[in-house]
Each structure stands twice: as C-alpha cells, then as structure tokens.
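Please consult the sequence and the model alongside the text.

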Amino acid sequence: MTWTAVTRLRQAVSRTEDTTRDRTATGLRPQDADDLVGTFAPDGALGFDPFPFLHALHEAGSHAVVIGQVAGIMHGSTELTGDLDLLWDGTPAEARALREALVIAGCTEPPDLDHPQVTYQVTGASGDLCTPALSWGGLDVTASLTRAVHADDPSGFTVRYAALDDLVRMRRAIGRPKDHRRADELERLRT
C-alpha cells in the first residue's frame, strides 16, 4: 500500500527529530555535506520536516518527483537525511507550479529556475531542484518523471517519488560513496 511509504517517511522525520534534539547548529548547510555521510550531518537535519513542502507541491499542482534519500526512505532505506531533492521537467508550466509551492511553503526568495539544478529553502526543508538537463553521469532521467510512484498521505495529498529501479540507477550514475552504499541497500530491499 502506498501509505506505507508515507508512514516510513513520517517515522524517519520523527527519528531525525529525536536524534538531533540535542545537536547544536554548526553553520554547515546541506550543500556542505560530504560524499560519505551525506546531508544528515549538516544543519539541514535540524528541524527537518519535508511534509509542509510536499503538501504545498500537491496544492500547487506540481508534478515534481521526490528523489535522493527521501525517496530512498520511502522505499525502505533506514539512513536518515537532512534534505529533500526533487526532479522536475524544466517546463514553464512546472516552473510556475514549483514557484507557487515554494511560496506556499515559506520560501522568501524563490530560486531562478532557469538552471538545471538550483537549491531552495522552505520552512522545514531545503534541497535541490533538478531537471533532466543536469548531468546525471550519462544517465537520461527523463522517463523517471513518468514512472514515478504515487503515495497518498492520510491527510489528503499525494507524494510522487522515484520508482525503485530509477532511484538505484540515479545513485549508481552519480557514484559518490554514499550513493553506492544507498543503492546497495535499496537492491537488498528488493530481495
């Protein structure tokens, strides 16, 4: 059932809150994360709650797809994260929907969406907004947008996230140590 994916994410957000409760801010942003540990170590994990932005994406009619470790968690990964990365098609219509969702979720300075990858920050989350035009290690991720999995949140909105095979391919193509480790974990979950 698709609610299981949302439940996994809600549990991970709760674990993140518990784990970081006594952590002091360091000034490190998710962009400062290393290639081994990932974005759980920097300050992005402090107060991490992607649900308001995920709800805003639904409300704005965005078709952006959750990728990265949040998608991994929705598939069953146990590693925590401190950012929410999204894949979107780069079209003007989707850019309008993303800008609307960003504003709804508290973004005071929406990024210029004319680039293949931009960072954003909203209340409770930050991360990257990526298009297929970004270099994905030679991988064409365009079809990942149409193969996305849908999960319904009990409060009445839908989250679109990368299908397991697409997420594993993205991780392998990017090729950082954390990506290989997480791809291995996801592949073990299949069996």
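The points below are grouped by topic, beginning with the basis of the values.

This is a predicted model, in which local features need pLDDT of at least 70 and side-chain atom pairs count only at pLDDT 80 or more, while totals for chains, interfaces and linings use all residues. Residues are numbered from 1 along each chain as its sequence is written, and side-chain values use heavy atoms, with hydrogens and water left out.

**Aromatic pair and charge over a ring**

- One aromatic pair is present in the structure (ring centres of Phe, Tyr or the six-membered ring of Trp within 6.5 Å; planes under 30 degrees apart are stacked, over 60 edge-to-face and the rest tilted).
- The partners are Phe53 and Tyr120, in a tilted arrangement with 5.1 Å centre to centre and 40° between the planes.
- Because Phe53 belongs to helix 2 (residues 51-59) and Tyr120 to strand 3 (residues 117-122), the pair ties together parts that are 67 residues apart in sequence; helices (H or I, at least four residues) and strands (E, at least two) are DSSP runs, numbered from the N terminus.
- Both Phe53 and Tyr120 are buried, where buried means under 20% relative accessible area, exposed over 50% and partly exposed in between (1.4 Å probe, protein chains only).
- Arg10 lies over the face of Phe51, 3.8 Å from the ring centre; a charge sits over a ring if NZ of Lys or CZ of Arg is within 6 Å of the ring centre and within 35 degrees of the ring normal.

**Helix 2 and helix 4**

- The axes of helix 2 and helix 4 (residues 92-104) are 8 Å apart, and the helices pack at an angle of about 140°; axes are lines fitted to C-alpha atoms, for helices over the stretch in contact, and angles run from 0 to 180 degrees between N-to-C directions.
- Helix 2 and helix 4 are therefore oblique to each other (under 35 degrees is roughly parallel, over 145 roughly antiparallel, 65 to 115 roughly perpendicular and the rest oblique).
- The crossing of helix 2 past helix 4 is right-handed; a crossing is left-handed if the near helix is turned anticlockwise from the far one by less than a right angle, and right-handed if clockwise.
- Phe53, Ala56 and Leu57 of helix 2 make the contact with Leu98, Ala101, Leu102 and Ile104 of helix 4, contact meaning heavy atoms within 4.5 Å.

**Helix 3**

- Eight of the eight residues of helix 3 (residues 68-75) are buried, so this helix is largely enclosed by the rest of the structure.
- The buried residues of helix 3 are Gly68, Gln69, Val70, Ala71, Gly72, Ile73, Met74 and His75.
- Gly76, which follows helix 3, has a positive phi, near 120°.
- Helix 3 packs with helix 6 at an angle of about 140°, their axes being 11 Å apart.
- Helix 3 and helix 6 are therefore oblique to each other, and their crossing is left-handed.
- In this packing, Gly68, Gln69, Ala71, Gly72 and His75 of helix 3 meet Leu164, Leu167 and Arg171 of helix 6.

**Helix 6 and helix 7**

- Helix 6 (residues 164-174) and helix 7 (residues 177-190) have axes that come within 8 Å and cross at roughly 155°.
- That makes helix 6 roughly antiparallel to helix 7, and the crossing is left-handed.
- Residues of helix 6 that meet helix 7 include Leu164, Asp165, Leu167 and Val168, and their counterparts in helix 7 include Asp179, His180, Arg182 and Ala183.
- Leu164, Asp166, Leu167, Val168, Met170 and Arg171 of helix 6 are buried.
- These buried residues pack against strand 1, helix 3, strand 2 (85-87), helix 5 (142-146) and helix 7.
- Asp165, also found in helix 6, counts as partly exposed at 38% relative accessibility.
- Asp165 and Arg96 are 69 residues apart in sequence and 29 Å apart in space, C-alpha to C-alpha.
- Helix 6 is followed by Gly175, whose positive phi is near 80°.

**Loop glycines**

- Gly61 lies in the loop between helix 2 and strand 1 (65-67) and is partly exposed, with a relative accessible area of 39%.
- From Gly61 to Asp83 the separation is 22 residues in sequence and 21 Å in space, C-alpha to C-alpha.
- Gly156, in the loop between strand 5 (149-153) and strand 6 (157-161), is exposed, with a relative accessible area of 55%.
- Gly156 and His55 are 101 residues apart in sequence, yet 8.7 Å apart in space, C-alpha to C-alpha.
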